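Let's take a friendly walk through a protein chain. Have a look at the sequence and the structure below, and then we will go through it piece by piece.

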Amino acid sequence: MPLDGVTARFLSIELNETLSDARVDRIYQPERYDILLVLRCGNQNRRLLLSANPAAPRLHLTDADRENPGSPPMFCMLLRKHLLGARLIDLTSPGFERLFILRFSQINELGDAVEKRLIIEIMGRHSNMILLNEDGRIHDAIQHVDDSISRVREIMPARPYQLPPQQDKRDPLGLRDDLRQGIPWLSPAFSAKTLSGALLAVIQGFSPQLCQAVIHNAGLDERLRVAQLDDTAHSRLNRALLLLLDG
């Protein structure tokens, strides 16, 4: 199942609870798009795999012992220069985006604590891994994106980092509050859409698979159009959504 924004949110919470204040002990780049961080947590090591592989972007803990290339790639050497010995302040996922921010505290050559951020964007073939300095500018990225590739958002050294453009969708937590209060949330503008299509168009962080799961849990047919829902079907859909968002 692909990583959606809702899953990313809960994954970041779980990883943050496990890894917060861990020290970066080792950094490997076993594959072109993969980075393995070996983090010292108390009296044990944890391996955190970060992957911007277009075919399988992901972020997770692993027990696998990946091969360490004899000659580390440039991006790996950069990460070692800036992050070895650093402490992980926190790991978060802003909003319900498929994006993770790892904040580190490192001591520079003057003895001052500085903050570095490693951004993992899990976005299919546009996935990327980006190291930022304390000013929010890009040290470097595992994949460069210049203006010949995107005129909207460049990912190049020395450029200020910008988050991906926001989608005009409902925040799931705000939607949860509306559901609790019985406030209607499906606009008439979506009347012609199927249930699955409407959920996907309205709610931030929802994947097609998650939309289908909500509709299945409501006991409804995903091929139904929004305009075909009666009061009973609306109530069942709202209960299934609220059950998911409360979980």
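## Buried or exposed

A residue is called buried when its relative accessible area is under 20%, exposed when that area is over 50%, and partly exposed in between. Keep in mind that this is a predicted model.

Is Ala158 buried or exposed? Its relative accessibility is 51%, so Ala158 counts as exposed. You will find Ala158 in the loop between strand 9 (138-141) and helix 3 (172-181). Its phi angle is near 75°, a positive value in a residue other than glycine.

## The whole chain

The chain contains six helices and nine strands. Its C-alpha trace spans about 65 × 45 × 35 Å along the principal axes. Of its 247 residues, 42% count as buried. The chain exposes about 13,100 Å², and carbon and sulfur atoms supply 47% of that area.

As for charge, the chain has 30 positive and 31 negative side chains. The centres of these two sets lie 2 Å apart.

Strand 5 covers residues 87-92, and Asp90 is part of it. With a relative accessible area of 16%, Asp90 is buried, because the cut-off is under 20%. Which side chain makes a polar contact with the side chain of Asp90? It is the side chain of Arg103, at 2.8 Å. Leaving out residues up to four places away in sequence, Asp90 touches Asn16, Ile101, Leu102 and Arg103. Asn108 is 18 residues from Asp90 in sequence, and their C-alpha atoms are 19 Å apart.

Leu88 also has its place in strand 5. At 1% relative accessibility, Leu88 counts as buried. Beyond its neighbours within four places in sequence, Leu88 is in contact with Leu19, Ser20, Asp21, Ala22, Leu102, Arg103 and Phe104. Leu88 and Arg117 are 29 residues apart in sequence, with 9.5 Å between their C-alpha atoms.

One of the residues in contact with Leu88 is Asp21. Asp21 sits in the loop between helix 1 (5-19) and strand 1 (23-31). Asp21 has a positive phi of about 75°, although it is not a glycine.

## Leu99 in strand 6

Leu99 belongs to strand 6, which covers residues 99-107. Its relative accessibility is 1%, so Leu99 counts as buried. Setting aside neighbours within four places in sequence, its contacts include Thr92, Ser93, Pro94, Ile119 and Ile120. Tyr161, Leu163 and Pro164 are also among the residues that Leu99 contacts. Pro157 is 58 residues from Leu99 along the chain, and their C-alpha atoms are separated by 20 Å.

## Asn133 in a loop

Loops can hold buried residues too, as Asn133 shows. Its place is in the loop between strand 8 (128-132) and strand 9. The relative accessible area of Asn133 is 15%, so this residue is buried. A polar atom of its side chain lies 2.8 Å from the backbone nitrogen of Asp135. Not counting residues up to four places away in sequence, Asn133 touches Glu115, Lys116 and His139.

Arg176 lies in helix 3. Arg176 and Leu241 are 65 residues apart in sequence, and 8.0 Å apart in space from C-alpha to C-alpha. Which residues does Arg176 contact, leaving aside its neighbours within four places in sequence? They are Leu242, Leu245 and Asp246.

## The cysteines

How many disulfides does the chain have? The count comes to zero, with a disulfide taken as a pair of cysteine sulfur atoms within 2.5 Å. Cys41 is in no disulfide, and the nearest cysteine sulfur, that of Cys76, is 19 Å away. Cys41 counts as buried, because its relative accessibility is 14%. Cys211 is buried as well, with a relative accessible area of 0%.

How values were computed
Residues numbered from 1 in each chain as written. Predicted model: local features only at pLDDT ≥ 70, side-chain atom pairs only at ≥ 80, totals over all residues. Heavy atoms only, no water. Buried < 20%, exposed > 50% of the residue type's maximum accessible area, 1.4 Å probe, protein only. Helix = DSSP H or I, 4+ residues; strand = E, 2+ residues; numbered from the N terminus. Areas by Shrake-Rupley, 256 points an atom, 1.4 Å probe, with all protein chains shown as cover. Lys, Arg positive; Asp, Glu negative; His and termini not counted. Charge placed at Lys NZ, Arg CZ, Asp CG, Glu CD. Polar contact = N/O pair within 3.5 Å; in protein donor to acceptor, adjacent residues only side chain to side chain. Contact = heavy atoms within 4.5 Å.
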